[in-house]
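Visitor: I am new to reading protein models. Could you take me through this one, step by step?

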Amino acid sequence: MNVAVVLYTSDLRLHDHPPLLAALSSCDQVVPLFVRDRAVDAAGFAAPNRLAFLADCLTDLDAGLRERGGRLVLRSGDAVAEVCALVQECDADEVHMAAGVSAYAHAREERLRYALEAEGRRLYVHEAVITAAAPGAVLPAGSDHFAVFTPYHRRWSELPPRTVAAAPRSVPVPDAIGSDPLPRRAAVTGVSPGLARGGEREARDLLTRWLRAGVPHYEDTHDDLAGDATSRLSPHLHFGTLSPTETVHRARAVGGSGAEAFVRQICWRDFHHQVLAARPDTAVRDYRDRSDRWRTGAAAEEETEAWKEGRTGYPVVDAAMRQLRHEGWMHNRGRLLAASFLTKTLYVDWRVGARHFLDLLVDGDLANNQLNWQWVAGTGTDTRPNRVLNPIRQGLRYDPTGQYVHRWVPELADLAAPQVHEPWRLPGLERARYDYPDPVVELSDGLDRFRRGRGVA
Ligand code: FAD
């Protein structure tokens, strides 16, 4: 009997899973393995919301494998050491895994390849599992990545997509391979009360419902904050309970402008992944240095705290920040304006905001989070780096009835639009009825400060 290990990372599914299928086609038995990686925890990525969602995903993956005669093996420690120990234990000939994009993922692959080859075993790293197109699958002349989205999107759309692979019918796993107990969602503390459920079944149901009822309207409604009319598939794409390739195929099969706009967003995801793969330092460093002199000190810290807690005095920003805390997720329009408020209006370093998002977001993802933060801050790939979103105008435009604010800022629940977006303008007595803070900063003062700090006219 020859055996292969399949190392699961951000690809916690059975459908459209090339590493699992390759392992099954070359070996008689496979050991599906997930390592609770100590280094990932130590780097601050073990946020409660993602740990709880991960617990759902692992439980569901194990259940799916059991239906196919197998099971999931869980180990904890250093990923490379744990894979090598398991390979010895089951005398595996080969290991299969999905390619990652971060510096850590690249280093892990290299360490694993080296350790396995020293033992005469092979590592197979499969591309286009975590993203629809592998980073580097389309490249501009003379560069290792696209720095501008539109030409990337054009080339990405022309790329023939990989065929979607079915889930295997049977996954034979050798007996007597020990596993740590699977984590339980209920055992994780500090989880947002409105956190979504994880797992491949949940992901597939959500995708089916979304393609049937949501995607046709997506183009018109994706920015409607109160309408909440986006797919909410981001945590599933982050944990890989849904294949981005399959998502693109199925959306294209629906067709229409809504599906096209939705697929374009999946392309944004690939775009940021290919930037991070080529420039792993952008997880922490500016993609484009703008010589920023970000604010620090007591006042900046106090204002950042108000931002985190959703009490900046700008209702739509506060609504977005409170949604983040309550659900571990935030609407994209909310992310844009909350990030613009921190980096441009308060002129606080994007890394501070990105860290807070990573502490709470269930879809918190190094490529998408850091590079979207940089995009908004103007240190990234945005071709208009100094634009500043005005939270009042954004509120009036994307929450015209004030329903989104009413949902998340109950102090203002009986205040009608448009006043709900500028409660401080109410006359004295009426203003006093609302237990809601005054703005932490005047927008015009914030703008001046940003322009001075960045040195723009
Ligand atoms: P939909 O609108 O239904 O889009 C479908 C899918 O496309 C999403 O699930 C996501 O995978 C992808 N997508 C959509 N917009 C973007 C985008 N701008 N960049 C990259 N991929 C996109 N997304 C994350 O997955 N993880 C993050 O950590 C993250 N952090 C962000 C931080 C900031 C400051 C901003 C502005 C955006 C961030 N995004 C992040 C992108 C986007 O906000 C979310 O992907 C989206 O809101 C998720 O909701 P949805 O699944 O309903 O999206």
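Visitor: How many disulfides does a search of the whole structure find?
Guide: Keep in mind that this is a predicted model. A disulfide needs two cysteine sulfur atoms within 2.5 Å. Take cysteine 84: its closest cysteine sulfur, in cysteine 90, is 11 Å away, so a bond is ruled out by distance. For the whole structure, the number of disulfides found is zero.

Visitor: Is cysteine 267 buried or exposed?
Guide: Under 20% relative accessible area counts as buried. Cysteine 267 has 0% relative accessibility, so the word for this residue is buried.

Visitor: Into which domains is the chain divided, and how many Å separate the centres of domain 1 and domain 2?
Guide: Domain 1 covers 3–129, domain 2 covers 131–161 + 200–278, and domain 3 covers 298–454. Domain 1 and domain 2 touch: 21 residues of domain 1 are in contact with 21 residues of domain 2. Taken over C-alpha atoms, their centres are separated by 25 Å.

Visitor: Where is glutamate 109 found, and which side chain of opposite charge is nearest?
Guide: Glutamate 109 sits in helix 5, residues 103–118. Glutamate 109 is buried, yet it has no salt bridge. A salt bridge needs the nitrogen and oxygen within 4 Å. The nearest side chain of opposite charge is 5.1 Å away, and it belongs to arginine 113.

Visitor: Which backbone nitrogen does the side chain of glutamate 109 reach?
Guide: Look beyond the neighbours within four places in sequence. There, glutamate 109 is in contact with several residues, including Met97, Leu123 and Val125. Gly100 is also one of these contacts. At 2.9 Å, the side chain of glutamate 109 reaches the backbone nitrogen of glycine 100.

Visitor: Is tyrosine 218 buried or exposed?
Guide: Tyrosine 218 belongs to helix 8, residues 218–221. Not counting residues up to four places away in sequence, it touches Trp210, Ala229, Thr230, Gly258, Ala261, Phe262 and Gln265. Its relative accessibility is 8%, so tyrosine 218 counts as buried.

Visitor: How far apart in space are tyrosine 218 and leucine 33?
Guide: In sequence, tyrosine 218 and leucine 33 are 185 residues apart. In space, C-alpha to C-alpha, the separation is 37 Å.

Visitor: How many salt bridges does a search of the whole structure find, and which residue pairs with arginine 232?
Guide: The search finds 32 salt bridges. Arginine 232 is partly exposed, at 26% relative accessibility. The closest N and O atoms of the pair are 2.9 Å apart, and the partner is aspartate 228.

Visitor: Which parts of the chain does the salt bridge of aspartate 286 with arginine 351 link?
Guide: The closest N and O atoms of aspartate 286 and arginine 351 are 3.2 Å apart. The pair links distant parts of the chain, 65 residues apart: aspartate 286 is in the loop between helix 11 (256–278) and helix 12 (298–309), and arginine 351 is in helix 15 (residues 350–360).

Visitor: Is aspartate 382 buried or exposed?
Guide: Aspartate 382 forms a salt bridge with arginine 387, with the closest N and O atoms 2.8 Å apart. Arginine 387 is partly exposed, at 29%. Aspartate 382 has 6% relative accessibility, so it counts as buried.

Visitor: Which residues do salt bridges that share partners join into one network?
Guide: Here the bridges are linked through shared partners. The network is made of Asp60, Glu67, Arg68 and Arg201.

How values were computed. Residues are numbered from 1 along each chain as its sequence is written. This is a predicted model: local features need pLDDT of at least 70, side-chain atom pairs count only at pLDDT 80 or more; totals for chains, interfaces and linings use all residues. Side-chain values use heavy atoms; hydrogens and water are left out. Buried means under 20% relative accessible area, exposed over 50%, partly exposed in between (1.4 Å probe, protein chains only). Helices (H or I, at least four residues) and strands (E, at least two) are DSSP runs, numbered from the N terminus. Lys and Arg count as positive and Asp and Glu as negative; His and the chain ends are not counted. A polar contact is a pair of N or O atoms within 3.5 Å; within protein, one must be able to donate a hydrogen and the other to accept it, and residues adjacent in sequence count only if both atoms are side-chain atoms. Contact means heavy atoms within 4.5 Å. Domain bounds come from an automatic or database domain assignment.
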